[in-house]
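Reader: Please pick one part of this model and go through it closely. I would like a connected account, residue by residue where that helps.

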Amino acid sequence: VVIDHHDGYSTVYAHNAKLLVSLGHQVNKGEAIAEVGQVGRLAALYFEVRQHGQAHDPLHYLPK
């Protein structure tokens, strides 16, 4: 799932078990977009922040 934030930023969510949104769906803050998947026996989520298409470390954007 890629969410375009319309300010040059987008966020990417991968390794999902089930998608809860589809192309063109507008999401609201706090809305579920997917169910977390598994890699082996572990729950896994891939999260990425992009600015103008360039990937950045998401830890810089998350609250401390």
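This is a predicted model: local features need pLDDT of at least 70, side-chain atom pairs count only at pLDDT 80 or more; totals for chains, interfaces and linings use all residues.

**The open sheet and its pairings**

Author: Val49 stands opposite His56, a residue of strand S7. Strand S6 covers residues 46-51, and its pairing with S7 is antiparallel, with three bridges. S6 and S7 also form a hairpin with two residues between the strands. In this hairpin His52 has a positive phi, near 50°.

On S6 there is a second pairing to follow. Strand S2, made of residues 9-14, is joined to S6 by six bridges, and here too the two strands run antiparallel. Within this pairing, Tyr13 is the residue that faces Phe47 of S6.

Both pairings belong to an open sheet of four strands, whose order is S1-S2-S6-S7 and whose pairing is antiparallel. At its edges lie S1 and S7, the latter being residues 54-56, and each of these two strands pairs on one side only. On average, neighbouring strands of the sheet are turned by 30° against each other, if direction is ignored. As a general point, the strands of a sheet pair through backbone hydrogen bonds, in either a parallel or an antiparallel way.

Back on S6, the side chains deserve a look, and Glu48 is the one to take. Glu48 is part of strand S6. Is Glu48 buried or exposed? Glu48 counts as buried because its relative accessible area is 11%, and the cut-off for buried is under 20%.

Strand S1 consists of residues 2-4 and, with three residues, gives the most to the lining of the largest pocket. That pocket has a volume of about 390 Å³. Its lining comprises 14 residues, and those closest to the pocket centre are Val2, Ile3, Asp4, Gly24 and His25. By type, the lining divides into seven nonpolar residues, six polar ones and one charged residue.

In short, S6 is joined to S2 by six bridges and to S7 by three, while S1, at an edge of the sheet, contributes three residues to the pocket lining.

Note on methods: Residues are numbered from 1 along each chain as its sequence is written. Side-chain values use heavy atoms; hydrogens and water are left out. On a 1 Å grid over the protein atoms alone, a cavity is a set of points where a 1.4 Å probe fits but cannot get out, and a pocket is an open set with protein on both sides within 12 Å along at least five of seven lines; lining residues have an atom within 4 Å of a point. Grid points are joined across faces, edges and corners, and a volume is the space filled by probe spheres set on the points. Ala, Val, Leu, Ile, Met, Phe, Trp, Tyr, Cys and Pro count as nonpolar, Asp, Glu, Lys and Arg as charged, and the others, Gly among them, as polar. Two strands pair if DSSP finds at least two bridges between them. Axes are lines fitted to C-alpha atoms, for helices over the stretch in contact, and angles run from 0 to 180 degrees between N-to-C directions. Buried means under 20% relative accessible area, exposed over 50%, partly exposed in between (1.4 Å probe, protein chains only).
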